[in-house]
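Hi,

Here's the structure I promised to pass along.

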Amino acid sequence: MAELFGDITFMKGVGSARAEKYAKMGIKQPYELLMHIPRDYFDFTSCVKIADARPDERNFLRLKVLEKHNPFVTSTSLVIYKVVVTDGEDIATVVFFNAVYSYRMLVVGKEYYFVGKVTPSMNGPEIKSPVFVNVNENAIQPVYRLTKGITVETMRNNVRQALTLLPQQNIESLTEQVREKYELAPLAWSLQNIHFPESMSAQREAQKRLAFDELLDLCIGMSLMRSNTVRENAFAMDGEISVNEFIGTLPFRLTDDQSSAVRDIISDLCKNVPMNRLLQGDVGSGKTAVAVVACCFTALNHRQSALMAPTEILAIQHYKTFSELLEPFGVRVCLLTGSMTAKKKSNIRELIASGEADVIVGTHAIIQKDVKYKSLSLVITDEQHRFGVQQRTELAEKGNSPHRLVMSATPIPRTLALIIYGDLDISVIKQMPAGRKPIKTYAVTGRLRQRAFGFVRKLLDEGRQAYIVCPKIEDGENELFSVKSYGKEIAQRELRGYSVALLHGKMSPNEKEETMKQFRDGEIQVLICTTVVEVGVDVPNAAVMVIENAERFGLSQLHQLRGRIGRGQYESHCILITDNPTEECIRRMKVISANSDGFVISEEDLKLRGPGDFFGNAQHGLPPLSATARGCSMELMNSAKECAAEILSADPNLEMPENGVLRQNAVRMFDKYITG
Ligand code: ADP
Ligand code: MG
């Protein structure tokens with residue numbers, strides 16, 4: 001007998017061949033099939049008359065079959081099937097090409113729901129190759145993401161059968177009390193109504209419940225992760241050891257926010273519970289200095305620290321900063337990246353294993369299996385949003401529960417941060433180092449491009465450097481600006497006579513590094529690049545940035561990008577060029593031009609686009625959420641967060657029987673993600 005959580009092959013009509021196809025979609029059990037949420041619906045409750053059908057659009061019609069013409073074979077062996085239908089007022093012809101099966105299914109005298117375009121022809125309105133279902137079927141039919149070999153009818157039938165298995169088991173994860181408080185429908189009802197809704201408003205209720213469940217699982221999973229890590233033992237450093245002397249050697253005075261972040265971190269490091277802290281600060285707020293101090297403190301405690309950067313460029317840049325500041329102080333810094341020669345890597349690995357290296361800076365290479373640390377006690381990841389839960393876990397396995405610090409330049413409103421980083425404590429740097437001039441930002445259309453370049457040339461002539469950012473590396477089907485072709489054009493035209501170089505992700509790490517080095521040294525005046533410069537690159541003399549196709553970038557991303565300029569004593573300018581006149585785009589351009597505080601910008605982003613974007617797994621490395629959950633409102637997310645807190649405060653490890661299903665769900669969500 002088929003079971004909800006059993007093998008899908010036990011369902012009627014699902015043999016091993018079909019099961020294999022389902023497995024490709026990640027569906028192995030009837031329950032997982034139910035979690036395969038429709039991507040759309042055919043809503044036959046909104047049927048129109050033939051006369052009211054909108055041309056060139058999908059229409060829903062309820063039609064009766066009057067007559068089936070005999071098939072007609074064209075000279076090219078195409079078989080044409082024509083069926084005459086009526087809505088009671090007008091007559092239309094349904095036309096199928098080679099689709100004998102569809103033709104046979106239609107019975108004269110019976111009514112069907114049709115979906116298709118209605119086009120006028122010499123013989124009256126025609127509906128070519130429509131989809132149809134029986135009128136005794138549900139009036140709202142689900143449409144699914146499919147895979148080759150599984151038709152929508154098959155999936156509907158299998159889902160229908162899986163729904164009959166629901167009463168077998170109690171799958172309800174929420175008590176009635178909770179459901180009432182947050183106005184949520186029961187789970188079984190929601191599954192029924194997400195697939196075969198009674199009405200579109202029932203579908204919305206169902207969607208709300210399912211989205212809530214996912215958000216709740218996410219919040220609970222993050223909390224469980226946190227309580228798991230808290231139990232581990234970490235090396236407690238000595239609070240008597242002082243880093244003040246080192247701080248005194250820095251080329252600047254730490255801002256109050258930097259100092260307070262340093263205090264938070266040192267106090268964590270002196271505990272035998274592993275630190276698990278997020279350092280959040282806008283681009284240019286000086287997170288690196290805080291990291292350097294933390295590494296110095298660790299080295300003074302005769303322990304190793306590691307700093308992991310998301311790109312090679314950034315790793316090399318950090319290595320330079322760290323070694324310049326720390327080496328004079330007797331702290332040994334080394335660099336390890338994937339593109340080094342095997343010999344060099346093995347030398348560095350020896351320094352790490354013997355403990356001669358105090359601070360190890362690098363890319364992902366530093367967490368590979370073959371890297372053994374002598375006494376790793378602090379792990380810092382820079383630009384944390386590029387690393388997922390998975391890497392956080394890998395790193396944790398490296399040392400004997402090292403302290404962890406993650407640094408992020410993506411300012412996130414507190415409500416969201418608490419969810420996304422639910423397993424972390426948070427320090428925030430709000431203040432910018434003194435003397436920073438805000439970046440002047442202007443949004444213009446392509447008509448002003450020549451003037452923009454005139455302005456760029458003026459600044460170049462004054463000795464400054466510039467970035468030109470394009471959304472793509474190479475030309476493709478769409479009309480977006482690309483680094484390669486557009487870059488070459490403007491190098492010949494607008495920027496003729498200046499030294500211009502390209503930088504993008506398809507270059508080898510060596511090429512990229514060489515180009516960045518020349519840009520840093522001022523040999524290159526203009527860098528035409530993709531968003532590879534987004535993260536952490538620091539060239540204080542760069543004072544102007546032009547962003548082409550600005551509409552292609554999210555608000556927070558634009559803010560990150562422009563953070564590459566305005567890093568020195570010069571007044572900096574960011575010119576956004578877009579020919580996209582949509583209201584949303586105009587609004588976004590206004591927000592970015594009028595605000596310089598990353599936190600304000602991310603709040604606005606949240607208002608404009610909802611929290612879904614923040615959950616994009618590439619950004620924060622959370623378990624991926626379904627489209628349903630990503631489409632949720634901020635309000636629903638806050639409810640889920642609040643609900644998770646309530647449940648966990650009464651039952652921190654979800655050991656009570658009524659929380660058993662919840663625990664299972666949360667664990668399943670994270671396990672699936674972490675084990676891939
Ligand atoms: P981010 O937070 O974006 O990583 P960085 O750490 O790269 O920022 O710092 C940006 C620039 O500000 C660097 O050139 C750094 O030397 C400088 N800086 C950092 N802290 C201060 C400070 N307290 N006073 C003046 N300049 C500072
Ligand atoms: Mg940085």
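Let's start with Arg588, which is in helix 19 (residues 583-594); helices here are DSSP runs of H or I with at least four residues, strands are E runs of at least two, and both are numbered from the N terminus. Arg588 counts as buried because its relative accessible area is 6%, where buried means under 20%, exposed over 50% and partly exposed in between, using a 1.4 Å probe and protein chains only. Between the C-alpha atoms of Arg588 and Ser482 there are 22 Å, with 106 residues separating the two along the chain.

Before I go further, some housekeeping: this is a predicted model, so local features need pLDDT of at least 70 and side-chain atom pairs count only at pLDDT 80 or more, while totals for chains, interfaces and linings use all residues. Residues are numbered from 1 along each chain as its sequence is written, chains are lettered from A and ligands numbered from 1 in the order in which they are written, and side-chain values use heavy atoms, with hydrogens and water left out.

Now the overall picture. The protein has 676 residues, and 52% of them count as buried. It contains 24 helices and 23 strands, and its C-alpha trace spans about 90 × 70 × 50 Å along the principal axes.

What does the backbone do around the ligand? A nitrogen atom of ligand 1 lies 2.8 Å from a backbone N or O atom of Arg253. For Gly286, a polar backbone atom is 3.1 Å from an oxygen atom of the ligand, and for Ser285 a backbone N or O atom is 3.4 Å from a ligand oxygen. On its own, ligand 1 has 560 Å² of accessible area, and the protein covers 81% of that (Shrake-Rupley method, 1.4 Å probe).

Most residues other than glycine have a negative phi. Asp56, however, has a positive phi of about 60 degrees. Asp56 belongs to the loop between strand 1 (40-43) and strand 2 (59-68), and it is exposed, at 63% relative accessible area. Ser129 also has a positive phi, near 40 degrees. Its loop runs between strand 8 (126-128) and strand 9 (131-134), and at 43% relative accessible area Ser129 is partly exposed.

Two other loop residues are worth a click. Leu495, between helix 16 (483-492) and strand 20 (500-503), counts as buried because its relative accessibility is 0%. From Glu548 to Ala357 the C-alpha distance is 43 Å, and the two are 191 residues apart in sequence.

Cheers

Note on methods: Polar contact = N/O pair within 3.5 Å; in protein donor to acceptor, adjacent residues only side chain to side chain.
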